[in-house]
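Subject: Handing over a structure, with notes

Hello,

I am passing on the structure that we spoke about, and my notes on it follow below. Please read them with the sequence and the 3D view open beside you.

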Amino acid sequence: MKIGYFLSCEEYGPAELVAQARAAEAAGFEGLWISDHFHPWNDEQGQSPFVWSVIGALSEACSLPITTAVTCPTVRIHPAIVAQAAATAAVMTGGHFVLGVGTGEALNEHVLGDPWPSIDVRLEMLEEAVALMRELWAGGFVTTYGKHYTVDNARIYTLPDEPPPVYISGFGPKATDVAARIGDGYISTQSDPELVTRFKEATGGKPAQAGAKVAYADTVDEGVEHAHRLWANAGLPGELAQVLPSPRHFEQASELVTEESTRESVVAGNDPEAHLAQIKEYADAGYDELYVANMGPHHQQMIEFYGREVIPQVS
């Protein structure tokens with residue numbers, strides 16, 4: 001399994017993200033994920049730089065492949081603009097860029113006052129957006145009047161030699177089926193073998209990427225404290241992550257998440273076996289690549305720890 005590093009735009013500023021990417025490459029990580037947010041999940045996380053600016057800096061700072069995890073090309077930003085941004089990112093990285101896309105969260109997408117559609121409509125919008133982006137990457141002038149998007153004599157002039165692959169996020173059967181139908185690959189944060197198998201069988205084995213978080217610290221207790229303080233929202237059930245509109249709403253809902261439940265769900269501390277067990281869980285689920293983020297202040301130590309004690313043990 002390929003092990004990459006997950007850059008959390010919700011928790012770190014742009015300079016910190018670039019420094020982490022450099023350190024991850026030096027430690028032996030094989031790729032980068034980077035989140036794409038307008039808001040963090042809560043004020044304690046406290047950051048949210050514009051992902052495309054950071055990707056430009058990353059392309060000069062290191063040579064690792066980069067995947068957005070994930071961009072929503074449907075509401076806050078028109079897919080024609082995302083297509084231009086992705087094409088430029090692919091050029092700047094020498095073709096080592098994957099556009100990861102999904103249906104998004106109200107947290108980020110409501111900010112211009114647009115209505116937040118149902119999941120069925122969002123999937124329909126995503127499918128139309130991906131088709132439009134691919135048409136623009138073909139290099140000609142595009143005029144189209146779709147159900148959700150219109151472009152008028154639009155052409156992207158700065159293009160990579162090959163269009164960037166589009167990986168689709170899927171957290172349930174319906175979205176996974178869309179990913180299988182239109183995606184070049186699959187993205188998730190769930191170690192769910194049924195969904196990965198569903199995607200792989202429908203696509204003849206196209207690649208699947210996953211993301212996971214850890215809280216590296218000298219002790220499990222310290223790691224759990226960082227995880228609960230910063231990322232209690234990760235313990236919210238169901239569709240809350242897709243429908244809550246602001247960081248303060250996530251803070252309110254996260255009061256229902258106990259520290260004990262965070263302890264049970266998070267890999268914390270500095271025992272290599274615990275970190276390796278999580279990697280094995282995702283490998284057993286069928287993923288080809290796992291991108292690991294650190295929660296809390298010890299990201300440099302986590303990167304070095306993985307390079308020294310974890311990555312060398314992953315086959």
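To begin with the cysteines, a search of the whole structure finds zero disulfides, a disulfide being a pair of cysteine sulfur atoms within 2.5 Å. Cys-62 cannot form one because its sulfur is 13 Å from the closest cysteine sulfur, which belongs to Cys-9, and that is too far for a bond. The sulfur of Cys-72 is likewise too far for a bond, since the closest cysteine sulfur, again in Cys-9, lies 15 Å away. Cys-62 counts as buried at 9% relative accessibility, and Cys-72 counts as buried at 5%; here buried means under 20% relative accessible area, exposed means over 50%, and partly exposed is in between, with a 1.4 Å probe and protein chains only.

Before you go further, please note that this is a predicted model, in which local features need pLDDT of at least 70 and side-chain atom pairs count only at pLDDT 80 or more, while totals for chains, interfaces and linings use all residues. Residues are numbered from 1 along each chain as its sequence is written, and side-chain values use heavy atoms, with hydrogens and water left out.

Next come the aromatic rings. The structure holds 12 aromatic pairs, where rings of Phe, Tyr and Trp (its six-membered ring) pair if their centres lie within 6.5 Å, and planes under 30 degrees apart count as stacked, over 60 as edge-to-face and the rest as tilted. One of these is the tilted pair of Trp-52 and Phe-97, with 6.0 Å from centre to centre and 55 degrees between the planes. This pair links distant parts of the chain, as Trp-52 is in helix H2 (residues 51-61) and Phe-97 is in strand S4 (residues 97-101), 45 residues apart; helices (H or I, at least four residues) and strands (E, at least two) are DSSP runs, numbered from the N terminus. Both partners are buried, Trp-52 with a relative accessible area of 13% and Phe-97 with 1%.

Tyr-186 and Phe-199 form a stacked pair, 5.1 Å from centre to centre and with 25 degrees between the planes. Tyr-186 lies in strand S8 (residues 185-188) and Phe-199 in helix H7 (residues 193-203), so this pair ties together parts that are 13 residues apart in sequence. Tyr-186 is buried at 0% relative accessibility, and Phe-199 is buried with a relative accessible area of 0%. Elsewhere, ring pairs link Tyr-5, Phe-29, Tyr-216, Phe-305 and Tyr-306 into a cluster.

What covers the buried residues of helix H12 (residues 272-285)? The cover includes strand S1 (2-7), H7, S9, S10, strand S11 (289-294) and helix H13 (299-310), and the residues that are buried in H12 are Pro-272, His-275, Leu-276, Gln-278, Ile-279, Tyr-282 and Ala-285. The 14 residues of H12 should span 20 Å at 1.5 Å a residue, which agrees with the 20 Å between its end C-alpha atoms; the expected span is 1.5 Å times one less than the number of residues. Just after H12, Gly-286 takes a positive phi of about 110 degrees.

Finally, there is Arg-76, found in the loop between strand S3 (66-68) and helix H3 (79-92). Is Arg-76 buried or exposed? Arg-76 is buried, with a relative accessible area of 13%, and a polar atom of its side chain lies 3.3 Å from the backbone oxygen of Asn-108. Not counting residues up to four places away in sequence, Arg-76 touches Asp-36, His-37, Phe-38, Asn-108, Glu-109, Val-111 and Leu-112, contact meaning heavy atoms within 4.5 Å.

Note on methods. Polar contact = N/O pair within 3.5 Å; in protein donor to acceptor, adjacent residues only side chain to side chain.
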